[in-house]
Amino acid sequence: MKLFKKLLRDIKQTTGQFLAFVLVITVGAFFYTGLVTLSDNLSAYTKDYFQTHNLSDLNVYYDQISKQDVTELGKIEGIQNVEGRYSFDATQSFEDTKATLKVHSIPVNNTINKPTMIEGSIPSRKDQILLDSHYANVHQYKVGEQIKLSINEKDVAFTISGLGENVEYAKKNETQDHKTSGFAYVAEAGVPRIAGSFYNNEMMIDVVEGYDVDRLGQNVEAQSKNLSYVSQISKERTFNYSQLQQTIHNNKLMSKVIPLVLFIIEAIILFLTMSRIIDSQRNQVGIMKALGVKNSSIMLHYMGFPVLVSIIGSILGCVVAASLFIPMIEASNARSYSLPNITFSLSSFSVIPPILLSSAFGMMACYLSGIGMLRERAAQAMRPKPPKKMKKLLIEQFPGIWRRISYSNKLILRNIFLNKQKALASSVGVVVSTVLLITAFGTQMSLQRVADQIEEVNTYDLKVEYTREDELEKLQLPTGIESSYHLSSFPVEFVKGDDKENATLIVTEKDNDLIHFFGENDNPIVLEDSGVLVPKSYADHYQIAVGDTIRIKFANPSFANNTVDMKVAQISNQYSNPSFYCTIAYLKSFGIDYKPTSLLVKASSAADLANVRQFFEQDKQIEFIKDKNDLKESAQYILKQNSFLFIMFIICAVILSFGAIYTISSINIYERNRELATLKVLGYQKSKINRLIFLENMILTTFAVIVALPISGYMYAIIVEALSSTHQQIPDQLSLFVILVSVLLAFLLTTLSSLMLRRKVSRINMIESLKSIE
């Protein structure tokens with residue numbers, strides 16, 4: 001009990017250090033609980049959501065297919081359930097924009113891609129429609145109201161029977177734009193009203209668990225030879241599913257990497273500080289030993305400090321995460337996805353890992369710091385350490401220079417070199433803080449670089465996507481086009497040994513100057529007819545170099561799962577949606593026929609661009625059109641969706657850095673009470689003493705920054721590597737601007753801590769500090 005009272009008295013005497021420690025632990029717990037909640041909740045929800053609403057495993061598209069044909073195809077081995085539907089595009093014009101809706105018929109006994117009803121009911125009459133709830137909210141539609149859609153240049157009126165969301169549209173497009181993009185469902189009875197007669201053009205397949213989807217796709221295509229087969233896409237390759245899985249993967253990485261880095265930094269600060277605290281209480285340890293207190297009790301007494309800090313800091317971190325981080329996650333998720341009724345709740349058990357980790361680090365620091373002292377005898381521990389012998393400094397060998405240095409600066413130099421270990425320990429804390437600041441700012445700037453590259457790579461005015469491959473071959477382009485190039489994207493599988501990974505191969509003309517590529521150090525590179533251009537994200541993960549041969553397997557059944565070995569011609573930095581690129585000539589060298597599906601267009605002028613866009617909008621065979629505004633929105637979307645996380649990381653880095661610098665500076669003052677009291681007795685003014693401490697801290701910070709710069713590059717590379725994957729490349733180059741900002745902030749935090757510690761210096765009691773210990 002007495003030791004507990006002493007612990008409370010020690011905490012009261014070092015309130016600033018205790019609060020700084022609590023702040024450090026709070027930051028780590030805040031990030032850990034927030035990121036783990038995001039990762040676990042999103043992963044568990046999407047798994048349950050996809051199963052409950054039965055997201056289709058394979059979608060097969062036809063020009064026209066009857067119900068009987070759908071039933072017959074449903075007998076193919078590997079198919080558990082099959083449903084046919086009719087899908088078509090509709091548009092709506094508003095005062096300031098034009099919206100496109102993807103409309104599907106909904107089977108009477110719908111079991112695949114079942115909608116989630118938000119309000120109203122599923123359409124049952126031919127003139128009813130179930131509308132995307134987000135689209136309805138943006139355009140202020142309500143259940144029971146009339147909505148007119150333009151279908152095949154005819155206005156068709158529907159009554160909104162309900163508002164809902166669907167598992168196949170959890171992610172509609174890259175920017176989750178609800179204003180110009182939506183979906184809807186009509187009753188099967190309404191198909192003849194649109195198509196003229198009843199038929200399907202799409203088949204949704206629920207595959208038997210464990211059955212090979214690719215093999216099933218081949219069998220379906222083979223059985224569809226006498227039908228108007230168009231194409232097919234598996235669940236894993238849909239934009240909706242792949243984007244969600246990539247997000248979950250990235251969140252899991254961040255939930256492990258960022259908290260781990262923060263806890264390691266906390267461990268270093270705890271170790272440095274606890275070793276200094278125990279060393280400064282050497283006399284008290286000797287008295288406790290003399291009074292018969294067991295070594296284990298003394299050790300547990302000092303371990304109580306980090307344990308108490310860990311408990312309070314972890315609880316505060318969880319509380320702050322619940323009130324700040326979780327609402328941010330919910331707002332970000334609502335902008336990114338359409339996941340009905342998803343909630344992010346902080347588990348009460350999530351506070352346990354931060355408490356255990358931080359307590360373990362603190363207790364280990366106490367053990368390593370105090371075990372040597374506890375082995376000493378009581379009398380030996382009660383004696384002060386013998387004064388260190390001070391050797392002449394190197395600069396003292398030059399009397400001419402030494403005489404010109406002021407007395408205050410001589411004191412600073414002598415103190416630093418007399419207490420090399422203490423100075424080094426203080427520098428380590430500042431080094432850690434500077435490394436964290438550089439890493440945090442570097443990560444945020446990397447995010448900005450990812451967004452910027454989108455517009456640097458794509459310089460076209462319009463990207464026109466056609467529904468059928470043969471439409472581009474007979475296309476007659478309008479006037480006003482400066483340049484245009486064909487493009488086609490193939491779903492492929494990257495194969496290396498036993499590893500297989502879904503990827504995209506983009507084929508275009510060699511001289512296509514509307515897409516730019518960048519290699520090492522962002523130097524421009526071009527496509528070559530002699531090989532394939534490989535994304536750096538794949539090259540780093542699979543150790544691919546220029547001149548190597550990689551294996552590409554075409555996933556589209558129309559290519560009969562053709563596998564080719566391609567030579568690596570270039571490696572390209574692709575920060576967003578990394579893909580393999582090759583020329584038309586190189587693809588044809590493998591005997592593969594090339595049929596473009598997209599057209600990139602650059603208009604001669606802004607006036608011509610409006611006419612060109614109008615020309616393409618009138619073409620019924622066009623699936624969608626993207627322009628520069630879409631690219632800008634995509635870039636801004638990336639920033640908005642991820643900025644809050646990295647801004648919080650920067651704020652937490654600043655807090656951690658300040659906590660480390662303040663704590664170590666406070667301990668330095670505590671250990672130098674006798675020396676500073678002596679200076680006050682000799683008539684030194686408070687301002688001069690504060691200046692001594694400030695200059696000493698600045699010298700140590702300067703040394704720490706110099707040491708931190710190479711370490712920061714290494715640490716940043718580790719974090720980038722941990723957060724990167726084949727589907728996501730993060731720039732691994734630190735800019736000079738980031739380094740300068742971080743260094744200036746480190747000096748600013750040192751200055752701030754020095755200012756806050758002035759009161760501590762003014763409160764030094766000269767008589768008590770100068771009393772003899774003997």
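The largest share of a nonpolar surface patch, three residues, comes from helix α7 (residues 239-280), where helices (H or I, at least four residues) and strands (E, at least two) are DSSP runs numbered from the N terminus. The model is predicted, so that local features need pLDDT of at least 70 and side-chain atom pairs count only at pLDDT 80 or more, while totals for chains, interfaces and linings use all residues. Residues are numbered from 1 along each chain as its sequence is written, and side-chain values use heavy atoms, with hydrogens and water left out.

**Nonpolar patch**
- Leu260, Ile264, Ile268 and Val428 make up the patch, which covers about 300 Å²; patches take residues with over 30% relative accessible area and no salt bridge, joining like charges within 9 Å and nonpolar side chains (Val, Leu, Ile, Met, Phe, Trp, Tyr) within 5 Å.
- A salt bridge here is a side-chain nitrogen of Lys or Arg within 4 Å of a carboxyl oxygen of Asp or Glu, and accessible areas come from the Shrake-Rupley method with a 1.4 Å probe, only the protein chains shown counting as cover for residues.
- Val428 belongs to helix α14 (residues 420-457) and is partly exposed at a relative accessible area of 31%, given that buried means under 20%, exposed over 50% and partly exposed in between (1.4 Å probe, protein chains only).

- Of the 38 residues in α2, 27 are buried, which leaves the helix mostly covered, and just after α2 Asn54 takes a positive phi of about 55°.
- Thr33 lies in α2 (residues 15-52) and is buried, with a relative accessible area of 0%.
- A polar atom of the Thr33 side chain lies 2.7 Å from the backbone oxygen of Ala29, and the backbone oxygen of Phe30 lies 3.3 Å from a polar atom of that side chain.
- Beyond its neighbours within four places in sequence, Thr33 is in contact (heavy atoms within 4.5 Å) with Gly317, Cys318, Ala321, Leu346, Ser350 and Pro354.

**Whole chain**
- The protein chain has 23 helices and 22 strands, and buried residues make up 52% of its 774 residues.
- Among contacts with a separation of 6 or more, 82% join residues 24 or more positions apart.
- The accessible surface comes to about 36700 Å², of which 56% belongs to carbon and sulfur atoms.

Terms used:
A polar contact is a pair of N or O atoms within 3.5 Å; within protein, one must be able to donate a hydrogen and the other to accept it, and residues adjacent in sequence count only if both atoms are side-chain atoms.
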